[in-house]
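The following note sets out numbered comments on the model shown below. Each point takes up one aspect of the structure.

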Amino acid sequence: MRINMIAAVARNGAIGFENKLIYWLPNDLKHFRELTTGHTIVMGRRTFESLPNGALPHRRNCVLSTTVRQLPGCECFASWADFVATCQADEEVYVIGGASLYAALIEKADRLCLTEVDDTPQQADTFFPDYSHWHEVSREAHAADERHAHSYAFVDYCR
């Protein structure tokens, strides 16, 4: 199993505010869809609840929660170990949030697929864990434009 983490991260590590993404970047959403479609995504309950249309199509949606056992379109697991027991050896898994899941699993991850946004938001209450010890393996930079208020880069990291 290969564990990837995927997030849009501000310069200060901010990823959310009041259970919502800070940034609405159409190209980031497209990039997320391209990377995760056909694979397994893992999230916490609050991240699932933040999805505007529920479970994401064309992906195995898995939710880790100690309180919820059933959500529409999802497989629910009480722990990471319970989830891992259901995975294939060659399964590509994307951890999509929230912050506590990122923090708990970053040391298990093989790759970080981050959209680094050239901004520090005024308000944030959710942050991605420190990844300064990871090694950048690729970067695709994009300038701000009429659909993207900030410049950003798709950056992959490995250990």
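1. Asp118 is partly exposed, at 40% relative accessibility. Its salt-bridge partner is Arg11, with the closest N and O atoms 2.3 Å apart. The two residues come from distant parts of the chain: Asp118 belongs to the loop between E8 and E9, Arg11 to the loop between E1 and E2, and 107 residues separate them. Arg11 itself is exposed, its relative accessible area being 55%. The model is predicted, and this contact should be read accordingly.

2. A search of the whole structure gives nine salt bridges. Another of them joins Arg60 and Glu75, whose closest N and O atoms are 2.8 Å apart. This pair also links distant parts of the chain, with Arg60 in strand E5 (residues 60-64) and Glu75 in strand E6 (residues 75-77), 15 residues apart. Arg60 is buried at 18% relative accessible area, whereas Glu75 is partly exposed at 33%. Through salt bridges that share partners, Arg60, Glu75 and Glu91 are joined into one network.

3. Arg159 and Glu107 form a further salt bridge, at 3.6 Å from N to O. Arg159 lies in the segment after E11 and Glu107 in the loop between helix H4 (99-105) and E8, so the pair ties together parts that are 52 residues apart in sequence. Arg159 counts as partly exposed at 41% relative accessibility, and Glu107 as exposed at 54%.

4. How many of the residues of strand E8 are buried? Seven of the seven residues of E8 (residues 111-117) are, so the strand is largely enclosed by the rest of the structure. Burial applies to both faces: Arg111, Cys113, Thr115 and Val117 cover one side, and Leu112, Leu114 and Glu116 the other. In a regular strand, side chains alternate between the two faces of the sheet.

5. E8 has pairing partners of both senses. Strand E1 (residues 2-10) runs parallel to E8 and is joined to it by seven bridges, with Ala10 opposite Val117. Strand E11 (residues 152-158) pairs with E8 in the antiparallel sense, over seven bridges, and here Leu112 stands opposite Tyr157.

6. A separate comment concerns the open sheet of three strands, which has the order E3-E2-E9 and antiparallel pairing. Its edge strands, E3 (20-21) and E9 (126-127), each pair on one side only. Strand E2 (residues 14-17) is joined to E3 by two bridges, and Phe17 stands opposite Lys20 in E3.

7. Helix H1 (residues 26-36) has Pro26, Asp28, His31 and Thr36 as its buried residues. These pack against E1, strand E4 (40-44), strand E7 (92-97), E8 and E11. Gly38 follows H1 and has a positive phi, near 85°.

8. Across the whole structure, the search finds zero disulfides.

Terms used
Residues numbered from 1 in each chain as written. Predicted model: local features only at pLDDT ≥ 70, side-chain atom pairs only at ≥ 80, totals over all residues. Heavy atoms only, no water. Pairing = 2+ DSSP bridges. Helix = DSSP H or I, 4+ residues; strand = E, 2+ residues; numbered from the N terminus. Buried < 20%, exposed > 50% of the residue type's maximum accessible area, 1.4 Å probe, protein only. Disulfide = S-S within 2.5 Å. Contact = heavy atoms within 4.5 Å. Salt bridge = Lys/Arg side-chain N within 4 Å of Asp/Glu carboxyl O.
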